[in-house]
Amino acid sequence: MKKSKLQTALATLVTALFSLTAAVAVPILWRGWYALQIGPLGLEDYTGWSRETILDAYNAVLDFLVKGAPFSTGALSYSESGMAHFADCRVLFLLNFLALTLSALFLLVLLQRLLRSTPAIGHRQPSPPLLALAVTAGVFLIFGAWAWLDFESLFTAFHTLCFPGKDNWVFDWRMDEIILILPEAFWARTAALVAELTLAIEALLALIWALLRRWRTPKTVYEELHKA
C-alpha cells in the first residue's frame, strides 16, 4: 500500500511537471502566438516600428534562445547587459525542454506500472492526473490572485527567483529597445496561456487515465474474483 501511494504521489508530481513544461514550450515554439499579440497590444503604434521590424527582432531573439544562433535583436539596439540576460534565459529554456523530455519518459513508465497493477475489490487508486489538476488549479488560483492584485510584484518575484543575484533583467529601453516590443501585458497574456494549457493537458491526461482504468478494471465483483 505504501509503495502504491508513493508511486501515485510521484506520478502526480511528474504529471504536473510534464503539463507545465509542455505548456511553457507552446509559446516558445509557436511563434504565431507573439504575432497574434502585436495588433491587440498596439505595438506598432506604441513603438513606431513596422510589424516586420517587430517580428524580425522577436524572431532573431527566439533563434538565439531556441536554436543557439548568434545573438541579435534585428534592427533594434541592445546592450551587453541585455544580451547577458537573454543568455540566462536560454539556459532556462533548455532546462524546460530537458524537464519536458524527462518528465514525459518518467510519466509513461510510472503510469504504465500503475495501470498494470490491479486494485483490490472495492478499492480504486486515485488518478495522478486528477490529483495534479486539483493541486495545480489551487496553485494557479493563488498566483492568479497575486497577479490581479499586483502583477508587477509577481513579475519581480519571478525574476528574482529565476535569476538570483542578478539585475540585468531590468532593461533600459533607450539601450535595449527589445523591451519595448515585450511589454508587461504580453507576459501577462502569455502567463494566462500557459496556465490554461497546463490545466487542459492535465484534464486530458485525467480523461485518458479514466478511460484506461475503465478498460483495465473488471466491471463486477465476480469478474474481480475470477481474475484473482
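The side chains of R174 and D172 meet in a salt bridge, with 3.1 Å from N to O; the term stands for a side-chain nitrogen of Lys or Arg within 4 Å of a carboxyl oxygen of Asp or Glu. R174 is exposed, at a relative accessible area of 60%, while D172 comes out as partly exposed at 26%. Here buried means under 20% relative accessible area, exposed means over 50%, and partly exposed lies in between (1.4 Å probe, protein chains only).

A word on the ground rules: this is a predicted model, in which local features need pLDDT of at least 70 and side-chain atom pairs count only at pLDDT 80 or more, while totals for chains, interfaces and linings use all residues. Residues are numbered from 1 along each chain as its sequence is written, and side-chain values use heavy atoms, with hydrogens and water left out.

Searching the whole structure turns up 4 salt bridges. Another of them pairs D63 with K67, at 3.8 Å from N to O. Both residues sit in helix α4, 4 residues apart, or about one turn of the helix; helices are DSSP runs of H or I with at least four residues, numbered from the N terminus. An α-helix has 3.6 residues a turn, so residues three or four places apart point the same way. D63 is partly exposed at 23% relative accessibility, whereas K67 is exposed at 63%. Salt bridges with shared partners also link R31, D63 and K67 into one network.

D88 and K166 form a salt bridge too, at 3.0 Å from N to O. D88 belongs to helix α5 and K166 to the loop between α6 and α7, so this pair ties together parts that are 78 residues apart in sequence. D88 is buried, with a relative accessible area of 17%, and K166 is partly exposed, at 41%.

Take Y34: leaving aside neighbours within four places in sequence, Y34 is in contact (heavy atoms within 4.5 Å) with L43, I54, L55, Y58, I181, L182 and F186.

Helix α7 also carries A200, which is partly exposed at 41% relative accessible area. A200 and A23 are 177 residues apart in sequence, yet their C-alpha atoms are 9.2 Å apart in space.

Helix α6 (residues 128-162) is bent. A straight helix of 35 residues would span 51 Å, but α6 spans only 28 Å between its end C-alpha atoms; the expected span is 1.5 Å times one less than the number of residues. A kink of about 120 degrees is centred on D150, the bend being the angle between axes fitted to the seven residues ending at a residue and the seven starting there. Buried residues of α6 include F151, L154 and H159.

As for confidence, the mean pLDDT (the predictor's confidence in each residue, from 0 to 100) is 88 for the chain, and 87% of the residues reach 70 or more. Confidence is highest in α4, at a mean of 97, and lowest in helix α8 (residues 221-227), at 52. Where pLDDT is low, the predicted coordinates should not be read in detail.

Definitions and conventions: Helix = DSSP H or I, 4+ residues; strand = E, 2+ residues; numbered from the N terminus.
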